[in-house]
Amino acid sequence: MRSSGLGQDREGWETGACLTHYSDDHLTLVTEEVKTPSRPGFKTWTTVQRKSAVVVAAMTTAGEFLLVRQERIPIRCAIWEMPAGQIDEARPSRKEIEATALRELREETGYELAEGGELVPMGDFFASPGFTDEREYLFLARPVERARAGEDTTKQEEGIIDCRAFPVSELQRMLADGEIRDANTLSICSRLAARGLLTFGSHSN
């Protein structure tokens, strides 16, 4: 498994011993001795290394956003999320990152960019930097439309059981009421709002 590649030493950082406990196609678990710029000695840290990933806010011509309902085994429930997926390349180029975003959009929702549509980069974030190097690249895809009829693109093996388009007002309610609970969707919604691309009106209980 190739991680995001973020665990490389930068100025003032030094890695000593590294022990790999487990590795598969999805993650690698390592314990490292790391010296940071503010510490004179090495500190032991266990890290889950993961590939980078993409998260896509897909907007329809009606201004609604696509969410997929996905069964998540670690939390034993199904939750509504924006489509996302891992990038195969260890140090992907911008072109490879964008291609992954469009592929995951199509595979998870059955939608694709409409003719003349755009894929807008929205920066990136770290999923949980206290224990993993996983990096998420955010995109706004607008407008999107259903892919050609007859093509089954949804990844059933990923546990996606539904896909719907939600108006902004409903997305706002889901966020306010705690129905949206995954870091990917919360992060991309905050980035969209901060850039003025997602405007919420007043919400009443």
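The structure is a predicted model, in which local features require pLDDT of at least 70 and side-chain atom pairs count only at pLDDT 80 or more, whereas totals for chains, interfaces and linings use all residues. Residues are numbered from 1 along each chain as its sequence is written, and side-chain values use heavy atoms, with hydrogens and water left out.

The largest pocket holds about 1200 Å³ of space. On a 1 Å grid over the protein atoms alone, a pocket is an open set of points where a 1.4 Å probe fits, with protein on both sides within 12 Å along at least five of seven lines; its lining residues have an atom within 4 Å of a point. The volume is the space filled by probe spheres set on the points, which are joined across faces, edges and corners. The lining comprises 35 residues, and Arg-50, Gln-70, Arg-72, Gln-86 and Glu-134 lie nearest the centre. By class, twelve are nonpolar, seven polar and 16 charged (Asp, Glu, Lys and Arg count as charged; Ala, Val, Leu, Ile, Met, Phe, Trp, Tyr, Cys and Pro as nonpolar; the others, Gly among them, as polar). Helix 1 gives the largest share of this lining, four residues (helices are DSSP runs of H or I with at least four residues, strands runs of E with at least two, numbered from the N terminus).

Glu-81 is located in strand 6, residues 77-81. Glu-81 counts as buried because its relative accessibility is 3% (buried means under 20% relative accessible area, exposed over 50%, and partly exposed in between, with a 1.4 Å probe and protein chains only). The side chain of Glu-81 forms a polar contact of 2.8 Å with that of Arg-72 (a pair of N or O atoms within 3.5 Å; within protein, one must be able to donate a hydrogen and the other to accept it, and residues adjacent in sequence count only if both atoms are side-chain atoms).

The largest nonpolar core contains 21 residues, and Phe-65, Leu-67, Met-82, Leu-140 and Leu-192 have the most contacts inside it. Such a core is a set of buried Ala, Val, Leu, Ile, Met, Phe, Trp, Tyr and Cys residues joined through side-chain atoms within 4.5 Å. A second, separate core of 14 residues includes Ala-101, Tyr-111, Tyr-137 and Val-144.

In the backbone, the peptide bond from Arg-142 to Pro-143 is cis, with omega near -20 degrees. Pro-143 belongs to strand 9.
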